[in-house]
Amino acid sequence: MVETVANEATIKPNYCDAAVIKALLTTGDIVSYPVPTIPVDHLINAYNLGTSKGQGERDTIRLTLAIGARPVIDDQGAFFVAARFELLPVMLLDLIVELTRSVKLPKSLTQTLVAGVSQTGRYSSASIQHTVYKLNVEVDHDSDKN
């Protein structure tokens, strides 16, 4: 994760997810990378992704371009920009589905994760419903058997 996002994600230590992210950063399970300078910075900066919140998204795009990674991006505008750079961005909900499909996450855990995420109000009900549909239709029901 780029350092801008690490800072944004842990700025409110009273939040449950901030505490989890801080702990994962401390143990090294998640690594915070410095923001790289890349030749297309001017193109990334030209997109209006917001002033304060958009910085993390822009820096995520910079980092993934620099290291050749696939970004997890939930902001619609940043998702569009990452797609324009052919980074094959993925939303968190779709990453959960992909990890379940590849049997890296048990389906029972995935269903719990999606139920928890749905309570945050972070995603539209259509996005949650679509994820549940994908899990029910596209993921083998035997994926819990490892």
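The following dialogue reads several features of a predicted model.

Trainee: How is a pair of aromatic rings described?

Mentor: A pair of aromatic rings is characterised by how far apart the centres lie and by the angle of the planes. In this predicted model, the count comes to one aromatic pair. Tyr 47 and Phe 80 form this pair, with 6.3 Å from centre to centre and 75 degrees between the planes. Planes over 60 degrees apart count as edge-to-face, and the pair is accordingly edge-to-face.

Trainee: Where in the chain do Tyr 47 and Phe 80 lie?

Mentor: Tyr 47 belongs to the loop between helix 3 (41-46) and helix 4 (53-67), whereas Phe 80 is in helix 5 (residues 76-84). The two residues are 33 residues apart, and the pair links distant parts of the chain.

Trainee: Why does Tyr 47 count as partly exposed, and why does Phe 80?

Mentor: Tyr 47 counts as partly exposed because its relative accessibility is 24%. Phe 80 counts as partly exposed because its relative accessibility is 45%. The partly exposed class lies between buried, under 20%, and exposed, over 50%.

Trainee: Which residues of helix 8 are buried, and which are exposed on the other side?

Mentor: An α-helix has 3.6 residues a turn, so residues three or four places apart point the same way. In helix 8 (residues 125-138), the buried residues are Ile 128, Thr 131, Lys 134 and Leu 135. Viewed down the helix axis, the buried residues of helix 8 fall within an arc of 120 degrees, so they line one face of the helix. On the other side of helix 8, the exposed residues are Ser 125, Gln 129 and Val 137.

Trainee: What span does helix 8 reach, and what span does helix 2 reach?

Mentor: Helix 8, with 14 residues, reaches 19 Å from its first C-alpha to its last, close to the expected 20 Å. Helix 2 (residues 16-27), with twelve residues, reaches 17 Å, close to the expected 16 Å. Gly 28 follows helix 2 and has a positive phi, near 85 degrees.

Trainee: How much space lies in the largest pocket, and which residues are nearest its centre?

Mentor: The largest pocket holds about 1700 Å³ of space. Its lining has 40 residues, with Val 5, Ile 21, Asp 74, Leu 92 and Arg 122 nearest the centre. By class, 24 lining residues are nonpolar, seven polar and nine charged.

Trainee: Which helix gives the most to this lining?

Mentor: Helix 4 gives the most, with seven residues. The helices that each supply at least two lining residues include helix 1 (3-10), helix 6 (92-101) and helix 7 (107-118).

Note on methods: Residues are numbered from 1 along each chain as its sequence is written. This is a predicted model: local features need pLDDT of at least 70, side-chain atom pairs count only at pLDDT 80 or more; totals for chains, interfaces and linings use all residues. Side-chain values use heavy atoms; hydrogens and water are left out. Rings of Phe, Tyr and Trp (its six-membered ring) pair if their centres lie within 6.5 Å; planes under 30 degrees apart count as stacked, over 60 as edge-to-face and the rest as tilted. Helices (H or I, at least four residues) and strands (E, at least two) are DSSP runs, numbered from the N terminus. Buried means under 20% relative accessible area, exposed over 50%, partly exposed in between (1.4 Å probe, protein chains only). The expected span of a helix is 1.5 Å times one less than its number of residues. On a 1 Å grid over the protein atoms alone, a cavity is a set of points where a 1.4 Å probe fits but cannot get out, and a pocket is an open set with protein on both sides within 12 Å along at least five of seven lines; lining residues have an atom within 4 Å of a point. Grid points are joined across faces, edges and corners, and a volume is the space filled by probe spheres set on the points. Ala, Val, Leu, Ile, Met, Phe, Trp, Tyr, Cys and Pro count as nonpolar, Asp, Glu, Lys and Arg as charged, and the others, Gly among them, as polar. The arc is that of the directions from the helix axis to the C-beta atoms.
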